[in-house]
Amino acid sequence: QASGSSQHFALRLAFRALLRCSAPMAMAAVSDSEEELEHICHVILLAGPPASGKSTLGRKLESNFGYTHFDIGKHIRENMPAGADLQDFALSSVEGILRTKNYVLLNGFPKYRHGLSLLTSRWVQLELCLWLQVPDVDALARRALARHISGERPEDDDANFRTRLRIYEEETIPTICSLGSVNVIEIDASRSEDSVETLAMDAWKVAGLRLGRKLRGSGSRDRRDADEADFEVLVSLMSGEERLRPLLPARAKVSTLRKILVDDGETEFDLKLYFEGREILDPEILCYMHGFTLGCTIIMVRQEKPPPRRLSPPRRLSPPRRLSP
């Protein structure tokens with residue numbers, strides 16, 4: 001459609017495969033440095049009260065889905081130097097794993113609200129939170145006591161367990177509740193280990209479909225790299241008329257989309273692309289743009305009409321040669 005001297009076309013983008021795209025809590029404005037966009041860490045949180053079985057479940061999910069299981073509590077117990085600040089060490093440790101791994105199952109973090117700052121970083125994509133629930137506090141206390149007696153967690157006596165439980169109730173529960181639109185799935189962890197594992201795996205797969213794509217490991221290609229996938233772009237006029245349905249590779253740049261339009265007959269003159277009111281530039285990567293998600297729309301705008309194409313002058317034909325008799 002034309003409005004005044006401007007023309008507007010809607011480009012509807014539909015996901016068809018695994019993508020490195022934005023998630024509900026992700027990510028401030030796209031950086032001007034393309035190198036900073038090269039790393040995206042996909043994160044699934046594993047939360048729950050002390051002695052709820054987070055570490056046991058985390059190890060099983062790691063073997064089933066291929067995410068790196070990072071148990072922050074275990075890491076602190078085994079690696080924190082004497083005299084180090086607990087919170088600073090925890091934050092730096094989590095940041096280190098998120099910056100070096102692409103798929104992380106984060107166990108026991110965030111415990112406090114200030115830990116959310118890492119999860120809202122531009123390079124972190126928060127996929128899901130699995131929240132273990134054990135309503136019977138006495139059952140948790142018995143589990144903690146059994147670990148204490150067996151030597152598995154010798155420091156976790158009743159007094160320490162009660163302190164950790166209080167911190168969980170006062171600090172961690174409000175932190176998890178503040179995750180907003182992130183998909184939080186509660187799991188009854190009072191059941192047997194096998195039952196909890198089954199519930200968690202089912203929740204994981206259901207969440208993958210609910211997010212509009214399959215999470216790594218929830219399909220037939222358990223180890224497929226996101227860079228191998230494609231997504232389909234539905235290009236249509238504002239009138240609703242469909243023009244074409246090209247496939248773009250994951251992490252395609254805006255310039256690739258522009259080339260598709262030009263190849264389809266558009267001219268490059270004054271052709272600008274806008275997403276959520278902001279002009280997007282050729283070096284930007286589509287699925288890393290803030291807010292880019294299932295069914296989003298990019299608008300193509302021209303401030304001026306393209307100049308008419310210059311027609312080549314007609315070719316002068318030579319007069320026919322006379323044939324000698």
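Predicted model: local features only at pLDDT ≥ 70, side-chain atom pairs only at ≥ 80, totals over all residues.
A pocket, as I use the word today, is an open set of points on a 1 Å grid over the protein atoms alone, with protein on both sides within 12 Å along at least five of seven lines; a residue lines it if one of its atoms is within 4 Å of a point. Grid points are joined across faces, edges and corners, and a volume is the space filled by probe spheres set on the points.

Residues are numbered from 1 along each chain as its sequence is written, and side-chain values use heavy atoms, with hydrogens and water left out.

The chain as a whole, then. The protein chain has eight helices and 13 strands, where helices (H or I, at least four residues) and strands (E, at least two) are DSSP runs numbered from the N terminus. Of its 325 residues, 44% are buried. Buried means under 20% relative accessible area, exposed means over 50%, and partly exposed is in between, with a 1.4 Å probe and protein chains only. Contact means heavy atoms within 4.5 Å. Among contacts between residues at least 6 apart in sequence, 73% join residues at least 24 apart.

Now the largest pocket. The space in it comes to about 1,200 Å³. Its lining has 48 residues, and Lys54, Gly73, Arg77, Arg153 and Arg164 are the ones nearest the centre. Which elements give two or more residues to that lining? They are strand E3 (41-47) and the helices H1 (54-65), H2 (72-79), H3 (86-100), H5 (137-150), H6 (158-177) and H7 (193-210). By class, the lining splits into 17 nonpolar, 14 polar and 17 charged residues.

The expected span of a helix is 1.5 Å times one less than its number of residues. With 14 residues, H5 should span 20 Å, and its end C-alpha atoms are 20 Å apart, so the two agree. At the start of H5, a side-chain oxygen of aspartate 136 comes within 3.1 Å of the backbone nitrogen of aspartate 138. Just after H5, glycine 151 has a positive phi of about 90°. The buried residues of H5 are Ala139, Leu140, Ala141, Ala144 and Arg147, and they pack against H6. Alanine 139 counts as buried because its relative accessibility is 18%. From alanine 139 to serine 190 the C-alpha distance is 8.1 Å, although they are 51 residues apart in sequence.

On to H3, another of the lining helices. Serine 93 lies in this helix and, at 11% relative accessibility, counts as buried. What does the side chain of serine 93 make a polar contact with? The partner is the side chain of histidine 75, at 3.2 Å. A polar contact is a pair of N or O atoms within 3.5 Å; within protein, one must be able to donate a hydrogen and the other to accept it, and residues adjacent in sequence count only if both atoms are side-chain atoms. Leaving aside neighbours within four places in sequence, serine 93 is in contact with Phe70, Ile72 and His75.

Histidine 69 is in strand E4 (residues 68-71), and it is buried at 15% relative accessibility. Not counting residues up to four places away in sequence, histidine 69 touches Ser55, Gly58, Arg59, Glu62, Leu105 and Asn107.

Two backbone points in loops. Alanine 51, in the loop between E3 and H1, has a phi near 70°, which is positive in a residue other than glycine. Alanine 51 is also buried, at 6% relative accessibility. Phenylalanine 109 and proline 110 are joined by a cis peptide bond with omega about 5°, and proline 110 sits in the loop between strand E5 (103-107) and helix H4 (116-119).

Last, two residues with partners further along the chain. Leucine 126 belongs to strand E6 (residues 124-133) and is buried, with a relative accessible area of 0%. Its C-alpha is 9.1 Å from that of asparagine 183, 57 residues away in sequence. Asparagine 102, in the loop between H3 and E5, is partly exposed at 31%. Asparagine 102 and tryptophan 123 are 21 residues apart in sequence and 9.9 Å apart in space, C-alpha to C-alpha.

Conventions:
1 Å grid on protein atoms, 1.4 Å probe; cavity = no way out; pocket = protein on both sides within 12 Å on 5 of 7 lines; lining within 4 Å. Nonpolar A, V, L, I, M, F, W, Y, C, P; charged D, E, K, R; others polar.
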